[in-house]
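Reader: I am new to this structure and would be grateful for a close look at a single part of it. Kindly consider the following.

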Amino acid sequence: MKKSKTRGVLIAGNWKMNHGPRETQGFFSKLGELSATLEKGELSSLSEGRTKACVFPPSLSLGRAVELANRNPFPISVGSQNTHWEKKGAFTGEISAEMLSEIGVRSTLVGHSERRQFFGETDETARKRGEALLEQGFQVVLCIGESKAERDRGETHAVLLRQLEGALPAAQKGMASYLDGRLVLAYEPVWAIGTGVNATPEQAEEIHQWIRKTLAERFGAEAAGKTQILYGGSVTPENIETLLACDNVDGALVGGASLKPESFLSLVRAGIKSTTH
Ligand code: PGA
């Protein structure tokens, strides 16, 4: 199981609709305090980027989060949960990459299952976002995952293939060049999100391996080898180590367990540990 994490590890906290500006302030000040407990080696893993920590706060808290992250002793970056593909215009309720760049945000989630389930995100809109945002220099964390019913019907690979093919920017647009760390995939089985039932390390590794093989077939082994694939769905400080021990699990996208700074720190620590064994 053990290997060196050649792609580095990303621990990403998806805050969903939690933590307004005031709670965001509280999170970062506590995280800053907790950074004093990091050992020198842990801190250098973070500052040298072998392990990266990132949170995705709600839009309203992004400005505050960036300011607080920039002057935090804990190396951490901030991304958006949802970003429109157009630069500006009549799109009530949306925000653009240009606006996010202005406040220092250069990373975004795309195609999260809650966006798909509740807000009409499709593979096609995920593709539009991914394409436009990668072109604008953003890091894109593209989320894919099957439902419980789809898994039970044996359709997991077919669903993931449809989502990958539908959402990945077209190969002829130089897709492979984005597979240099800027495009990150997050495998989040819908049945594991917020349920307390995580995929087993074996289930996660099987899918991650399959995703990497699929990427290699389309974009070449080199590009596929550089692409981080995160696991998401009921990740906790208790189960993250065994998940990160899998060869093709390059980090985690974490909802509930990322909200408290103590718990987030434990997740990041596990990430650091996985890169140093
Ligand atoms: P969870 O959410 O960790 O609370 O299951 C994960 C996600 O939706 O990204």
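How far is an oxygen atom of the ligand from an N or O atom in the side chain of His112? Please describe the surroundings of the ligand as well.

Author: The model is a predicted one, and the distances that follow are computed from it. An oxygen atom of the ligand lies 2.7 Å from an N or O atom in the side chain of His112. For the side chain of Lys16, the distance from one of its N or O atoms to an oxygen atom of the ligand is 2.7 Å. Gly255 takes part through its backbone: an N or O atom there is 2.8 Å from an oxygen atom of the ligand. On its own, the ligand has 280 Å² of accessible area, and the protein covers 94% of this.

The shell may next be considered as a whole. There are 13 residues around the ligand, and those that come nearest are Lys16, His112, Glu188, Gly194 and Ser234.

Across the whole structure, a search finds 6 aromatic pairs. Phe118 and Phe119 form an edge-to-face pair, because their ring planes stand at 75°, with the ring centres 6.4 Å apart; the cut-off for this class is an angle over 60 degrees. Phe118 counts as exposed because its relative accessibility is 53%, and Phe119 counts as exposed at 55%; exposed means over 50%. Elsewhere in the description of rings, one aromatic cluster is formed by Trp15, Phe27, Phe28 and Phe264.

Key. Residues are numbered from 1 along each chain as its sequence is written. This is a predicted model: local features need pLDDT of at least 70, side-chain atom pairs count only at pLDDT 80 or more; totals for chains, interfaces and linings use all residues. Side-chain values use heavy atoms; hydrogens and water are left out. A residue is near a molecule or strand if one of its heavy atoms lies within 4 Å of it. A polar contact is a pair of N or O atoms within 3.5 Å; within protein, one must be able to donate a hydrogen and the other to accept it, and residues adjacent in sequence count only if both atoms are side-chain atoms. Accessible areas come from the Shrake-Rupley method with a 1.4 Å probe; for residues, only the protein chains shown count as cover. Rings of Phe, Tyr and Trp (its six-membered ring) pair if their centres lie within 6.5 Å; planes under 30 degrees apart count as stacked, over 60 as edge-to-face and the rest as tilted. Buried means under 20% relative accessible area, exposed over 50%, partly exposed in between (1.4 Å probe, protein chains only).
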